[in-house]
Amino acid sequence: MALKVSDAQEKTTAAGRVGAEKLVEFYRWMVLSRRLDDREILLKRQQKIFFQISGAGHEALQVGAGLALKPGSDWFFPYYRDRALCLAVGVTPEAMMLQAVGAATDPASGGRQMPMHWGDNALNIVSTSSSTATQLLHAVGCAEAGRYYNQHPEAAAKHIDDYRAFGNVKFQGDEVVLTCVGEGSTSQGEFWETIGALSNSKLPVIVCVEDNGYAISVPVEVNTPGGNISKLVASFPNFHFAEIDGTDPEASYLAFQEAAAYCRAGHGPAFIHGHCMRAYSHSLSDDDKLYRTAAERAADALRDPLVRMRARLLKEKIMTEAELDALEKEQDRIAAAAAEKALKAPLPEIFSITKHVYSENIDPTGAAFATEPAAPKADADGKAPVARTMADLLNACLHDEMRRDDRIVVFGEDVADASRPTALAETKGKGGVFKLTAGLQREFGDDRVFNTPLAEAAILGRAIGYAVRGMKPVVEIQFFDYIWPAMHQIRNELAVMRWRSNGAWAAPVVLRVPIGGYLTGGSIYHSQSGESIFTHIPGLRVVMPSNALDANGLLRTAIRSDDPVLFLEHKRLYREPFGKGLYPGPDYMIPFGKAKVVRPGTQMTLITYGAVVPRALQAAETAAREHGIDIEVIDLRTLSPYDWEAIATSVRKTSRVLVAHEDMQSWGYGAEIAARIADELFEDLDAPVRRVAGMDTFVAYQPLLEDEILPQPGRILKAILELKSY
Ligand SMILES: Cc1ncc(C[n+]2csc(CCOP(=O)(O)OP(=O)(O)O)c2C)c(N)n1
Ligand SMILES: [Mg+2]
């Protein structure tokens with residue numbers, strides 16, 4: 001659209017630092033943004049859309065940002081108010097309205113997300129959630145991935161035999177990542193984790209705080225000690241800082257230009273704090289008269305960026321009243337036309353609901369992931385190959401896969417051999433508290449294997465940022481007991497990224513987590529289980545091997561597949577003689593959802609996984625030896641998906657079922673299995689489905705207590721005998 005600049009422009013001497021034409025362009029985008037909000041508000045009142053939140057009052061800051069950056073080349077992790085930003089970088093009014101009505105053709109989410117939840121592949125706008133501040137960490141990972149691709153362009157090549165066959169990797173030498181957040185959400189730990197990570201790594205990320213003075217009804221001084229976020233962040237090294245009037249589009253534009261230049265030059269990140277205002281309430285579900293005084297609201301209204309910009313264009317004789325009216329009318333027409341079109345768009349089909357929960361491209365349960373172990377090789381000195389522990393074969397898998405795939409990066413707490421170069425040269429190196437990542441940094445370098453700050457949400461958030469750009473982060477949470485700070489990222493971001501973006505974005509991260517008890521002294525904070533909390537999350541694969549060979553094959557499947565995987569490694573099994581295996585070569589894979597019958601039997605089915613597998617086998621052997629009961633023991637190996645066929649086949653044969661697991665019984669993993677057996681195999685059962693599980697408590701330090709709390713072979717045997725006599 002050609003810009004309409006009045007002849008009056010000739011007469012002005014004060015068209016600002018950017019020229020009259022730019023000022024008019026700013027105003028045009030600002031008005032379009034406001035008119036789209038107003039149109040949505042109308043539609044909401046007519047009950048034609050179902051939610052409305054506006055960007056009113058933030059337009060100047062956002063237009064300045066959008067026009068200063070490079071659409072399709074720079075990357076964007078916006079906030080839910082960022083309508084004007086997204087318009088300025090290329091999202092169409094129609095696309096916005098399609099989301100508001102929840103149309104099938106909504107390009108950001110296919111009708112799955114509320115309006116103002118952005119996402120556009122071509123424009124590098126990564127799918128937005130409603131969780132405030134999670135997006136900041138994604139921006140960090142995204143910038144890290146960009147830096148990595150620029151230093152290793154060969155890593156971007158497509159490969160047909162794994163997840164790299166899908167998705168286009170793009171990167172530009174001078175790209176900048178913009179992420180925005182409200183001032184209230186700077187209270188989140190993820191904000192501070194972001195500032196710390198950016199400062200450390202000097203990444204080209206602009207963090208924009210859109211400060212409208214309120215977080216719903218909570219004023220800024222409650223969230224920000226002293227009331228000014230700029231003052232609080234000022235001591236972080238390497239940043240370019242700017243605190244600006246975010247109701248002035250010109251000041252905003254210039255500030256973003258300056259920040260982008262600083263980032264592109266490789267000096268480090270930038271922080272822009274824009275003071276804007278809220279022209280309307282927080283959302284259409286809020287009424288700010290309930291918590292703001294009339295005087296305050298009146299004073300704020302004077303700072304409305306549209307009112308101020310209109311006055312300026314008139315005062316500086318850049319546009320006449322009639323020209324302004326015409327411009328506004330035209331934007332209103334565009335908004336109305338977009339709404340009209342969107343209201344006629346097709347709605348999503350019911351059958352589409354489950355699409356994109358998991359990858360549509362790669363099925364990790366498929367035959368392509370069933371390979372045979374390679375024939376064992378003798379050692380270099382001719383000695384017969386020795387069986388190796390789960391820890392060894394997991395470490396071997398990581399080495400093999402990192403050699404094969406240069407998109408893999410490994411990070412977490414203590415996972416590097418040594419962060420300091422002199423220490424790396426002069427010491428053996430750490431390589432993880434359980435040594436699972438030992439030697440990876442030494443072989444693959446600091447940009448592929450590195451320690452992170454002690455911040456679990458940041459590990460996950462950064463991994464998501466890497467993964468949306470086609471990288472394969474294989475990250476570690478040091479102990480399952482400390483996964484909880486990352487839970488928000490796992491539940492609301494990692495698992496849902498593909499579904500909420502209707503398949504446009506995905507985050508196939510592999511998350512390795514040591515889990516479980518039986519440690520003698522592990523106590524509450526080093527012995528937790530809790531897998532059922534994660535199997536309850538759609539979009540996430542959950543794996544829990546019981547032996548070295550399975551661990552090796554399943555980790556490889558996790559890495560080569562296209563879904564996020566929670567890979568649970570039982571600490572007690574890491575170095576256990578039980579379950580040692582021969583190295584199966586660099587291509588051994590086990591499909592997900594394929595259980596293993598670890599002891600065939602005819603009289604009872606015992607379903608289990610993880611560290612209960614050896615305990616269940618022990619109980620089964622005693623049952624056979626001392627009581628003549630022939631038990632079939634099934635190791636599920638993967639918990640989501642799980643092998644229903646294997647369960648059903650066994651239960652049809654034995655008619656008696658016991659489910660055993662270490663995690664607590666109530667609402668536990670076994671409850672779902674038991675319920676489904678009762679539901680679908682009722683006719684085949686001769687007895688109720690029984691469970692043996694951890695007590696409904698925590699794991700205690702004193703071994704006497706731990707032994708009682710966790711299921712032991714004796715308790716499993718007792719349940720077997722009870723069930724047999726039922
Ligand atoms: C993690 C999280 N907690 C709470 C909410 C509910 N919520 C939505 S917006 C909001 C206030 C955000 O305030 P601010 O960051 O200042 O942004 P603004 O809405 O003012 O633009 C809250 C509490 C949420 N979406 N996410
Ligand atoms: Mg706010």
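In which loop is histidine 356 found? I located histidine 356 in the loop between α12 (321–343) and α13 (390–404). I take helices (H or I, at least four residues) and strands (E, at least two) as DSSP runs, numbered from the N terminus.

**Entry 1. Conventions**

I note that this is a predicted model, in which local features need pLDDT of at least 70 and side-chain atom pairs count only at pLDDT 80 or more, while totals for chains, interfaces and linings use all residues. Residues are numbered from 1 along each chain as its sequence is written, chains are lettered from A and ligands numbered from 1 in the order in which they are written, and side-chain values use heavy atoms, with hydrogens and water left out.

**Entry 2. Backbone angles**

I recalled the general rule that most residues other than glycine have a negative phi, and most peptide bonds are trans. I then looked up some exceptions.

Histidine 356 is not a glycine, yet its phi is positive, about 70°. Its relative accessibility is 13%, so histidine 356 counts as buried. Here buried means under 20% relative accessible area, exposed over 50%, and partly exposed in between (1.4 Å probe, protein chains only).

Lysine 435 also has a positive phi, near 65°. I found lysine 435 in the loop between α14 (421–426) and α15 (440–444). With a relative accessible area of 35%, lysine 435 is partly exposed.

The peptide bond that runs from serine 640 to proline 641 is cis, and its omega is near 5°. Proline 641 belongs to the loop between β17 (638–640) and α22 (644–654).

**Entry 3. Serine 73**

I placed serine 73 in the loop between α2 (59–68) and β1 (75–77). Serine 73 has a relative accessible area of 11% and is therefore buried. I also listed its contacts (heavy atoms within 4.5 Å). Apart from neighbours within four places in sequence, serine 73 touches Asn124, Gln172 and Glu175.

**Entry 4. The magnesium ion**

Which protein donors does the magnesium ion (ligand 2) have? I read them as Glu183 (OE), Asn212 (OD1) and Tyr214 (O), at 2.1 to 2.2 Å from the ion. Donors are N, O and S atoms within 2.8 Å of the metal (3.2 Å for Na, K and Ca); water is not among the atoms, so sites may look incomplete. Along the chain, the donors of this ion follow the spacing E-x28-N-x1-Y. Glutamate 183 lies in the loop between β2 (177–182) and α6 (189–201), and asparagine 212 in the loop between β3 (205–211) and β4 (214–215), so the pair ties together parts that are 29 residues apart in sequence. Glutamate 183 is buried at a relative accessible area of 1%, and asparagine 212 is buried at 8%.

**Entry 5. Helix α4**

Why is helix α4 (residues 93–101) largely enclosed by the rest of the structure? I found that eight of its nine residues are buried, so the rest of the structure largely encloses it. Among the buried residues of α4 are Met96, Met97 and Leu98. The buried residues of α4 pack against α1 (20–45), α3 (83–89) and α12. Glycine 102 follows α4, and its phi is positive, near 75°.

**Entry 6. Strand β11**

I next examined strand β11 (residues 510–515), where six of six residues are buried. In general, the side chains of a regular strand alternate between the two faces of the sheet. In β11, Val510, Arg512 and Pro514 point one way, and Leu511, Val513 and Ile515 point the other way.

I looked for partners as well, where two strands pair if DSSP finds at least two bridges between them. Strand β10 (residues 472–476) runs parallel to β11 and is joined to it by three bridges; valine 474 stands opposite valine 510. Strand β13 (residues 565–570) is also parallel to β11, with six bridges, and leucine 511 stands opposite leucine 566.
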